[in-house]
Amino acid sequence: MPLSALDPLPACPGACGPSGMRRSPDVSPRRLSDISPQLRQLKYLVVDEAIKEDLKWSRSVEDLTSGPVGLTSIEERILRITGYYGYQPWAASYKREERPREPPGPVEAPAPAGSEASGRTSRGRWTCSRVQLEKTLWGVAVVVCVCASWAGAAQLARLTFRTFDAPFTLTWFATNWNFLFFPLYYVGHVCKSTEKQSVKQRYRECCRFFGDNGLTLKVFFTKAAPFGVLWTLTNYLYLHAIKKINTTDVSVLFCCNKAFVFLLSWIVLRDRFMGVRIVAAILAIAGIVMMTYADGFHSHSVIGIALVVGSASMSALYKVLFKLLLGSAKFGEAALFLSMLGVFNILFITCIPVILYFTKVEYWSSFDDIPWGNLCGFSILLLTFNIVLNFGIAVTYPTLMSLGIVLSVPVNAVVDHYTSQIVFNGVRVIAIIIIGLGFLLLLLPEEWDVWLIKLLTRLKVRKKEETAEGGADLGSGPQNRSRRARPSFAR
């Protein structure tokens, strides 16, 4: 009678026949043709999960692929699963033959199984979670700082214009403070770096960002001056818009610069096309139209919205051209570049406020009437905003920093509700929500769809495992109860 795959296996190798039938692990017990009926029945074999686990751990992959005389792994695998003629490679004798030799050395007592691995895993998880927790906490602090400085600068500028109606002069005055970027960076370098350099050495090292010849006069006019003009235009249009419309509309419309950056990067830099970002750009444009419609297309509101859109466009052009012409910059190089913008502003933009003063476009009766406190406060807030936005990536994630800009919208809305006569009608609220949603969509990473698919797949697998475990518990529950209820007759 042939041995069926469903028949009980022999209890020991000696029960299968004479001792000559027992084969050593070095030689195949039988040819596969001799057990072909059993092989045909393997597809009907149902193996319990516990047996599967024992078989999986009974022998490693290396044991199957590296035999001493080059046995085929399929023979060993089939004979090991079926247990034909008591072939048990996991026996102690076989393990002694296959076990690799240990290098000579002192013998140590074996540690409990899994203790070291679990210790390493737990320490690794704790370290990883601790680093992520620190970056998240820093991110919260950066978000609060970005939101407070950006919203505070807008509100303080609006307060300044009540007594000092000179947006370009305020722009020029605040841009001069950019000169402090590199000195502040060097102070941080001296406090944090182990290899301290002199100011001259650090300056020369950062100048390599502009080319092999460093920061020459030609480089200054070709690479720094255009960005100085864009910087001035961005801030001037933004401040001039605050004169025309409320700060809530200005702050939410300026969030559209993220959509403009994507469109310009797609056209100029040939960045990857992403459908979700196209949707975000459409939402931004729709929000601009709805914001214009919210006030009934009055001249003041239309001019103010056009000024903010122009400011957002200049900001997007600044970022795209920087990436196109200069690439990415380190912290020291970025600090030097921003300080060069301050130098350019002092040397070449100073004449414009003077001209505006004498032509009485931006005129004030005496210098004593200038609210120096408001001007200095606005400049400090704007400098803080730019420092955190440019160097906050060292301590947290870039996405969290961008959230600070969009969170300044509700802050400005609350302040405007109590300090101005803004009307939050349905169209304005919908426009704010649409632009904010577009801004958040633009924060999604490029591989967001892959991550989403992986997350959904992992959740499905976990749900199936929990369902299987629940079924196993329900199936084993009655058996355990019957075993506990069965009386024992052993004496």
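# Exercises on a predicted helical model

Helix H7, residues 167-175, contains Phe173. The model is predicted; local features require pLDDT of at least 70 and side-chain atom pairs pLDDT 80 or more, while totals for chains, interfaces and linings use all residues. Residues are numbered from 1 along each chain as its sequence is written, and side-chain values use heavy atoms, with hydrogens and water left out.

## Exercise 1

Determine whether Phe173 is buried or exposed, and list what Phe173 touches beyond four places in sequence.

**Solution.** 
1. Apply the cut-offs: buried is under 20% relative accessible area, exposed is over 50%, and partly exposed is in between (1.4 Å probe, protein chains only).
2. Phe173 has 15% relative accessibility and therefore counts as buried.
3. A contact means heavy atoms within 4.5 Å. Leaving aside residues up to four places away in sequence, Phe173 touches Trp372, Leu375, Cys376 and Ser379.
4. Ser379 is 206 residues from Phe173 along the chain, yet their C-alpha atoms are separated by 7.4 Å.
5. For the protein, 81% of contacts between residues at least 6 apart in sequence join residues at least 24 apart.

## Exercise 2

**Solution.** 
1. Helices are DSSP runs of H or I with at least four residues, strands are runs of E with at least two, and both are numbered from the N terminus. The protein has 20 helices and zero strands.
2. Just after H13, Gly296 has a positive phi of about 80°.

## Exercise 3

Identify the helix that gives the most to the nonpolar patch, and classify Phe348 by accessibility.

**Solution.** 
1. The nonpolar surface patch, of about 770 Å², is made by Phe179, Leu180, Leu184, Leu217, Phe221, Ile346, Leu347 and Phe348.
2. Patch residues have over 30% relative accessible area and no salt bridge; like charges are joined within 9 Å, nonpolar side chains (Val, Leu, Ile, Met, Phe, Trp, Tyr) within 5 Å. A salt bridge is a side-chain nitrogen of Lys or Arg within 4 Å of a carboxyl oxygen of Asp or Glu. Areas come from the Shrake-Rupley method with a 1.4 Å probe, and for residues only the protein chains shown count as cover.
3. H10 (217-244) and H15 (331-349) each supply at least two patch residues. H15 gives the most, with three.
4. Phe348 is in H15; at 34% relative accessibility, Phe348 counts as partly exposed.
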